[in-house]
Amino acid sequence: MRRAVFDALALPGRFPHTSALADAAVSGALGEARVIVIDEAQRLPVPCLEYLQSLWDHPGTRVTLVLCGAGTERALARLPQLASRIGAWQEVPRLAATEVTAVVTVFHPLWRTVSAEDLTWIDQTSTHGTLRTWAALTTHLQNVLLTTADAVADRALLGRLCQRVAPPL
């Protein structure tokens with residue numbers, strides 16, 4: 001976890017050879033206000049959660065932790081001293097069909113090139129309002145457009161990519 005935070009902060013130099021030096025570098029960088037977002041936080045073992053708590057508790061840091069993932073509240077139950085520091089719990093529900101076009105075109109500029117009709121079709125056939133699936137689909141589409149000459153985000157390509165992220169039952 002130390003190494004992941006060190007790397008995420010893009011700290012200069014090589015990763016220190018002792019935990020004390022790594023902690024000093026990280027806490028020094030966190031003297032400036034920062035937000036650390038941890039996705040799939042429910043999968044973190046207790047020692048990793050304890051490390052995050054130590055960053056939050058350190059008197060010289062100005063850090064906000066955003067712990068994301070279904071079941072994170074259950075994971076934090078294993079570490080009540082960190083759970084007691086939660087300022088807000090936020091559930092992100094699925095997007096309503098009427099919200100999809102407005103949200104995904106702001107989510108990533110790539111979707112601004114796709115028609116509203118196709119966005120609605122994608123949502124009805126595969127993403128079903130789930131931002132995680134939209135994110136996966138965005139990555140696949142971006143990769144194809146960057147690596148395939150003359151690729152166009154048409155219904156055929158979008159259909160193939162939708163099957164990758166949410167295959168039919």
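Me: Hi! On the other side of H2, which residues are exposed?
Reply: Hello! Those are Ala20 and Gly28. Keep in mind that we are looking at a predicted model.

Me: Okay, and which residues of H2 are buried?
Reply: Ala22, Val26, Ser27 and Ala29 are the buried residues of H2.

Me: Where do they fall when you look down the axis of H2?
Reply: The buried residues fall within an arc of 160°, so they line one face of the helix. As background, an α-helix has 3.6 residues a turn, so residues three or four places apart point the same way.

Me: Nice. What do those buried residues pack against?
Reply: Three elements: H1, strand S1 (34-38) and helix H3 (46-57).

Me: Switching to charges. How many salt bridges does the structure hold?
Reply: The structure holds nine salt bridges. One of them brings together the side chains of Arg2 and Asp23, at 2.7 Å from N to O.

Me: Which helices do Arg2 and Asp23 lie in?
Reply: Arg2 is in helix H1 and Asp23 is in helix H2, so the pair ties together parts that are 21 residues apart in sequence.

Me: How accessible is Arg2? And what about Asp23?
Reply: Arg2 has 32% relative accessibility, so Arg2 counts as partly exposed. Asp23 is partly exposed as well, with a relative accessible area of 26%.

Me: Which residue does Glu117 meet in a salt bridge?
Reply: Glu117 meets Arg155, side chain to side chain, at 3.6 Å from N to O. Glu117 belongs to helix H7 and Arg155 to helix H9 (residues 155-165), so this pair ties together parts that are 38 residues apart in sequence.

Me: Why does Glu117 count as exposed? And Arg155, where does that one stand?
Reply: Glu117 counts as exposed because its relative accessibility is 59%, and exposed means over 50%. Arg155 has a relative accessible area of 33%, which makes Arg155 partly exposed.

Me: Are Glu40 and Arg43 exposed or partly exposed?
Reply: Glu40 is partly exposed, with a relative accessible area of 24%. Arg43 is exposed, at 67% relative accessibility.

Me: New topic: which residues form a nonpolar patch on the surface?
Reply: Val35, Val37 and Val66 do, and together they have about 250 Å² of accessible area. Val66 sits in strand S2 (residues 63-67). With 33% relative accessibility, Val66 counts as partly exposed.

Me: Where is Ala10 found?
Reply: Look in the loop between helix H1 (2-8) and helix H2 (19-29). Ala10 is exposed there, with a relative accessible area of 62%.

Me: And what is phi of His128 near?
Reply: His128 has a phi near 50°, again a positive value in a residue other than glycine. You'll find His128 in the loop between helix H7 (116-127) and helix H8 (131-147). His128 is partly exposed, with a relative accessible area of 41%.

Definitions and conventions. Residues are numbered from 1 along each chain as its sequence is written. This is a predicted model: local features need pLDDT of at least 70, side-chain atom pairs count only at pLDDT 80 or more; totals for chains, interfaces and linings use all residues. Side-chain values use heavy atoms; hydrogens and water are left out. Helices (H or I, at least four residues) and strands (E, at least two) are DSSP runs, numbered from the N terminus. Buried means under 20% relative accessible area, exposed over 50%, partly exposed in between (1.4 Å probe, protein chains only). Patches are made of residues with over 30% relative accessible area and no salt bridge: like charges are joined within 9 Å, nonpolar side chains (Val, Leu, Ile, Met, Phe, Trp, Tyr) within 5 Å. Accessible areas come from the Shrake-Rupley method with a 1.4 Å probe; for residues, only the protein chains shown count as cover. A salt bridge is a side-chain nitrogen of Lys or Arg within 4 Å of a carboxyl oxygen of Asp or Glu. The arc is that of the directions from the helix axis to the C-beta atoms. Contact means heavy atoms within 4.5 Å.
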